[in-house]
Amino acid sequence: MKLDEKVVSFFESCNSPVDKEGYLSKKGELKTSYQKRWFLLKGNLLFYKERPGEKDVIGVIVLEGCTVQLCESEEQFAFSLVWSEPGLRTYKFAAEDQASQESWIKALLSASHSYLALLVVDMEKQYRGEGRGEARKEGDLCSERHRVTV
């Protein structure tokens with residue numbers, strides 16, 4: 001998918017809320033070592049740059065249609081973004097610690113249109129009182145989330 005560079009740059013820098021931000025190490029496609037980058041998650045777009053506050057965006061990853069998976073790597077706390085469509089790149093990341101890894105995975109799992117659509121359906125059911133006779137177990141939606149691709 002081709003994205004207009006000016007639109008991407010504007011969206012990254014505008015005052016829209018940031019869902020998550022922080023450092024991750026990203027494995028390069030050509031330079032296969034891990035490089036520490038500053039990441040900003042806004043909606044289903046994951047922006048990255050050299051460091052916080054820097055104006056220039058190095059890249060953006062459109063998260064729609066991907067799954068988040070733990071992966072084996074020379075780096076600890078690694079995970080990857082994988083697309084089922086052939087020919088699309090798999091991105092590998094490493095967090096600084098387990099808490100950061102879990103936090104990023106949770107944010108990335110929640111970053112898709114399909115996940116938000118699932119939340120809306122669930123809220124509509126609750127609003128309409130469907131399933132009143134059945135007590136909803138806490139975590140029902142969480143188990144659904146893990147079956148949804150980003």
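Reader: Leaving aside neighbours within four places in sequence, which residues is isoleucine 105 in contact with?
Author: This is a predicted model, where local features need pLDDT of at least 70, side-chain atom pairs count only at pLDDT 80 or more, and totals for chains, interfaces and linings use all residues. Residues are numbered from 1 along each chain as its sequence is written, and side-chain values use heavy atoms, without hydrogens and water. Contact means heavy atoms within 4.5 Å. By that rule, isoleucine 105 is in contact with Val68, Leu70 and Phe79.

Reader: Is isoleucine 105 buried or exposed?
Author: Buried means under 20% relative accessible area, exposed over 50%, and partly exposed in between (1.4 Å probe, protein chains only). Isoleucine 105 has a relative accessible area of 15%, so this residue is buried.

Reader: Which element holds isoleucine 105?
Author: Helices (H or I, at least four residues) and strands (E, at least two) are DSSP runs, numbered from the N terminus. The protein has four helices and seven strands. Isoleucine 105 sits in helix 2.

Reader: How far apart in space are isoleucine 105 and glutamine 69?
Author: In sequence, 36 residues separate isoleucine 105 and glutamine 69. In space, C-alpha to C-alpha, the distance is 8.3 Å.

Reader: Which residues touch the most other members of the largest nonpolar core?
Author: A nonpolar core is a set of buried Ala, Val, Leu, Ile, Met, Phe, Trp, Tyr and Cys residues joined through side-chain atoms within 4.5 Å. The largest one has 21 residues. Those touching the most other members are Leu46, Ile61, Leu63, Leu81, Phe93 and Leu108.
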